[in-house]
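Here is a friendly tour of a model with two chains worth looking at side by side. Please have the viewer ready before reading on.

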Amino acid sequence: MRNFIRSLTLATALVSAVASTSVAAEEPTKGGTLISVLFQTPRHLNPAVQSGVVTGAPGAQLFAAPIRYDEDWTPQPYLAESWETSDDGLTVTLKLVKNAVFHDGKPITSEDVAFSVDTIKANHPFKSMFAPVTAVETPDVHTAVLKLSQPHPALMLAMSSQLMPIIPKHVYGDGQDPKSHPQNSENVVGSGPFKLTEFKRDEHVILERFDKFFMEGRPYLDKIVMRIIKDQSAGSIGLENGEIHLATFMNTVRNINRMKKNENLTVTPDGYAAIGAIDWLAFNTVEGPTADPKVRQAIAYAVDKNFIHKAIMLGTAADAKTGIHPGSPLYNSDVNGYDLDLDKANALLDEAGKKKDATGTRFGLTIDFGWPSVKPQAEYVKAALKKVGIDVTVRSSPDFPTWAKRIGGHDFQMTIDTVFNWGDPAIGVHRTYQSSNIKKGVIWSNTQQYKNARVDELLELAGKEPDAAKRKALYKEFQEITANELPVYWLNTLPYHTVYNNKVGNPPLGIWASSSPMDKVFLKK
Amino acid sequence: MNFVSIIFQRLLYAALLLTAVLVLNFSMMHLAPGDIADTIAQANGGADAEVMEQIREDYGLDQPFPIQLAKYVGGVLSFDLGYSFFYNQPVTTLIFEKLPATLLLVITSQLLALVVGVLLGVFSARNPKGASSYFVTLFALFGYSAPVFWTGILLLIAFSLKIPILPVAGMRDVTIEGGFFIHALDIARHMVLPVITLSSIFLALYSRLCRASMMEVLGSDYIRTAKAKGLSDAQVTYKHALKNSMSPVVTLAGIQFSAVVSGAVLVETVFSWPGLGSLALQSIVARDTPTILGILFFSALVVIVGNLLTDLVLRMIDPRVGSKG
């Protein structure tokens, strides 16, 4: 397989960029200050050593990645004008654009790419992104060659967005610990379309146009002010009165529905397919009644997802039938979705030998929830399971670490949880289902302690299958098995929405939402 | 007992109290399940086992409790509040970075509450049976019982959305350019709603207390004497009565200063006011132990100093206080 993408000239890149957003069919205007909002304070601004979407939004402006993705999951050239994977899938060659410089004016070279990969590999929490990369060779200034121990299709997504920021070796390679480097928060020297003006904790991140950005004419905006507003209701009012132009990752459903009525605003769920956040009901598959797959299936039949979507999410979230986000091309929608069926639920419970006692109760279960916003789902599960004779106790945790300790320590029966896909299943999905990732004390490992030899094998194979169709087939089977055995019962996608003032052109609606470069965003006159 | 020995005695108590606060806070934080490694994993959207072990090692969380405690207390004694786990910054830097914004908010709110509260109290004490007096009582009761975050959001909807004259959040508009005066005006605009929200609780307290104490004073003999002398109503109220009824209000204001910090947490969160309250909430959510302990230590210090000052001031204005001690 020879997957060679012809190098594109800047002009054609520009044309295709404009064409891909031709819905607006508007000539971008230059200049202006975009006011956006962050709902938390980032720890710092260097995504090489910090994941999460709060660092991602400013991080993807400050740092450029080798490639970027369009709305249809197609990779596009960015800092790498072309890339090539060898036939055996063990070598990936990146050709860098020639005119790219860092914010301090020094050229961006293959040395910096090698340094960035090393830094990310050593410090980023997602070890699976670059685990198969054994070395990065630098035959010349503009060529970086990634050597792999096995084919690694997840590498493409791992080289995009905030996941692989190219950071300058001459700044971050000065011997200090990159995780606590002072220039992660101030005097950031980046490679992206915007440079840092000021970062004030709990107040704002101010970015300004980098004039020597390697893509001619970009970015369009002069300035981006990311205001830090921790209360989504206050943020919504700011959008409604025009003070704020753009907000991403909004998930308070009542605010979302209210803003939909505002004629100056556009409210859309587009842009969250790669982040891929899913709410789910996780089971302890080793201890207690939920160790029996029949009990888990019965619970799935008794919980009415339709109610959750309509009454709790007020129509702002979509159904999720498997652990892969429905927006991903690898999603398998043909699996059993467990539509409400109380008869089946009762029959399954009887079959599992969990007969009703004199009071009509079969057994008791506990349900945990990690943060207040998913409490309604937990309360609903309690009410729903009452109907089939399961007596559920909702167990509250005073804060996130308390919950994380319980679930990470496998001290739970059921819990409502939210987990992110992070682009490729190898990065964010495998961790939940691989038996090798049953690690006591680690939240978002395989805390369900689910073990299935075929699933392990499928994920192992899919992780290194270079052929897209074959890979899809492997994930299809994986989704069938897990949807049948239900280590977790997937409820809905997170109701993440992007809200923007209609003055904003080319809002960040690609697969990475605001964790993607906003060089094409502009403000209409 | 003379002044100097009283101050000396108080300072000794204060030092003991602060040490107790330190040890107790540290122990309580240690008892809580979960730690910063979990919240860093959360901020990251997940983390591998080795990463979490590394975090615990980096921050010394793998050491036994007595050693962690000894290290911390030793650090504080040498004026080092430690390093914030979450922000990788010295805690003292963070606190002093946020302090001015909180002081501005808190002092303005206290002054507003005190002035308006006393005026309302006097007003309703003069006609305790009038309709306006009931209105003041109702108003005070509403301010006191409504949760501040609710008052805050309501004010936002009213004055930022329905009648869009005030900004929704933050302390300044960074897009504004101009001199000192323009920036001061901008901060003042951003302050209006948070100050009203925060002062609404204290306003209720002061107006109720002032009303009660005023009514008591207005019934006393020397007021009757003053009236009999032929002084005007206003003179009697503001020159004679108010002075004497202020003492409990001042005491309360001194004590309330500690409550203001806790009130500020909510108000600052609703209005994204970049102060200590925001920092406190953020560090509690993130289980950023050094920062929480630093803020608690700092609050304890403020309360102790505040009480000491109130005590001394009361001794000065009212010779009866402490005369037997």
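Two strands count as paired if DSSP finds at least two bridges between them. Keep that in mind while looking at this predicted model.

**Strands of chain A**

Strand S6 (residues 133-140) of chain A pairs with S7(A) in the antiparallel sense over five bridges, and the two form a hairpin with two residues between them. Strand S5 (residues 91-96) of chain A also runs antiparallel to S7(A), joined to it by five bridges. Here is one residue pair from each pairing:

| Pairing | Residue | Opposite residue in S7(A) |
|---|---|---|
| S6(A) with S7(A) | Glu137(A) | Val145(A) |

**Chain B**

Chain B has twelve helices and zero strands. Its C-alpha atoms fill a box of roughly 85 × 60 × 40 Å along the principal axes. Of its 325 residues, 34% are buried. Among contacts between residues at least 6 apart in the sequence of chain B, 71% join residues at least 24 apart.

**Where the chains touch**

The contact involves 43 residues from chain B and 42 residues from chain A. On the chain B side, the elements giving two or more residues are helices H2 (36-44), H3 (49-58), H7 (148-162), H10 (233-270) and H11 (276-286). H2(B) provides the largest share, six residues. By class, this side has 25 nonpolar, 14 polar and four charged residues.

Definitions and conventions
Residues numbered from 1 in each chain as written. Chains lettered and ligands numbered in written order. Predicted model: local features only at pLDDT ≥ 70, side-chain atom pairs only at ≥ 80, totals over all residues. Helix = DSSP H or I, 4+ residues; strand = E, 2+ residues; numbered from the N terminus. Buried ≥ 20, exposed ≤ 12 C-beta atoms within 10 Å, placed from the backbone. Contact = placed C-beta atoms within 7 Å. Nonpolar A, V, L, I, M, F, W, Y, C, P; charged D, E, K, R; others polar.
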